[in-house]
Amino acid sequence: MIKEIIVVEGRDDTVAIKRAVEADTIETGGSAINERTLRKIALAQERRGVIIFTDPDHAGERIRKIVAKRVPGCKHAFLREADATKRGDIGVENASPEAIREALSRVRSETAGMEPLIDWEDLIDAGLIIHSQAAARRRKLGELLGIGYCNGKQLYKRLVAFKISREEFAAALAQLEDEGVIH
């Protein structure tokens, strides 16, 4: 049983989560998240804690940002896009129970007001921004660190918010190099 309440986008996501783990969910109803749902999520955060587990697409990221901004201190779980895609459709509902359990085992806690452990220059040096293959590198790095795919600015924010250490960052970069993603 997962103690926290998992925030998902819809009913099919709830079904997929319950196939994988014993947990309670709150459904946002997609990107049209309303005030009542946000209050419900805030109460859940206060009482049990919340894990935001949205689709690895633009709409899912939008919902994640809305909830995280409105309800500070949420935890985050991220699915790899490949694990959430079925016949061209991207969503938590398409993920296997194993992929969902793996994502939940790598939950990250957001911490506000942290001093950066990795700076903007590190991202440039690693080819994660201002590089022809930056998007592919960020996608793979996000998977390795369990923080999802994002643009360069959002990557920097997540590295800070999730307290990614220099050691974790270096290990992920080394793995990218071993896999041939970084040349």
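**A briefing on selected residues and contacts**

With a relative accessible area of 28%, Arg 48 counts as partly exposed, where buried means under 20% relative accessible area, exposed means over 50%, and partly exposed lies in between (1.4 Å probe, protein chains only). This is a predicted model, in which local features need pLDDT of at least 70 and side-chain atom pairs count only at pLDDT 80 or more, while totals for chains, interfaces and linings use all residues. Residues are numbered from 1 along each chain as its sequence is written, and side-chain values use heavy atoms, with hydrogens and water left out.

**Salt bridges**

- A search of the whole structure finds 14 salt bridges, a salt bridge being a side-chain nitrogen of Lys or Arg within 4 Å of a carboxyl oxygen of Asp or Glu.
- One of them joins the side chains of Arg 48 and Asp 24, at 2.8 Å from N to O. Arg 48 lies in the loop between helix H2 (35-47) and strand E3 (50-52), and Asp 24 in the loop between H1 and E2, so this pair ties together parts that are 24 residues apart in sequence. Helices (H or I, at least four residues) and strands (E, at least two) are DSSP runs, numbered from the N terminus.
- Asp 24 is partly exposed, at 31% relative accessibility.
- Arg 158 forms a salt bridge with Glu 61, and the closest N and O atoms are 2.1 Å apart. Because Arg 158 lies in helix H7 and Glu 61 in helix H3 (residues 58-70), the pair ties together parts that are 97 residues apart in sequence. Both Arg 158 and Glu 61 are buried.
- Asp 83 and Arg 80 form a salt bridge whose closest N and O atoms are 3.1 Å apart; Asp 83 is partly exposed at 27% relative accessible area, and Arg 80 is partly exposed at 25%.

**Aromatic rings**

- A pair of aromatic rings is described by the distance of the centres and the angle of the planes.
- The structure holds two aromatic pairs; rings of Phe, Tyr and Trp (its six-membered ring) pair if their centres lie within 6.5 Å, and planes under 30 degrees apart count as stacked, over 60 as edge-to-face and the rest as tilted.
- The ring centres of Phe 78 and Phe 162 are 6.1 Å apart and the planes stand at 75°, so this pair is edge-to-face.
- Trp 120 lies in helix H5 (residues 120-125) and Tyr 156 in helix H7, so the pair ties together parts that are 36 residues apart in sequence.
- Trp 120 is partly exposed at 38% relative accessible area, and Tyr 156 is partly exposed at 23%.
- Leaving aside neighbours within four places in sequence, Tyr 156 is in contact (heavy atoms within 4.5 Å) with Pro 116, Ile 118, Asp 119, Trp 120 and Leu 123.

**Charges over rings**

- The charged end of Arg 64 sits over the ring of Phe 78, 4.0 Å from the ring centre, which is counted when NZ of Lys or CZ of Arg is within 6 Å of the ring centre and within 35 degrees of the ring normal.
- The charged end of Arg 139 sits over the ring of Tyr 149, 4.2 Å from the ring centre.

**Positive phi angles**

- Most residues other than glycine have a negative phi.
- Arg 87, which is not a glycine, has a positive phi near 50°; Arg 87 lies in the loop between strand E5 (85-86) and strand E6 (89-90) and is exposed at 78% relative accessibility.
- Lys 163 has a positive phi of about 50°, is found in the loop between helix H7 (152-161) and helix H8 (166-178), and is partly exposed at 41%.
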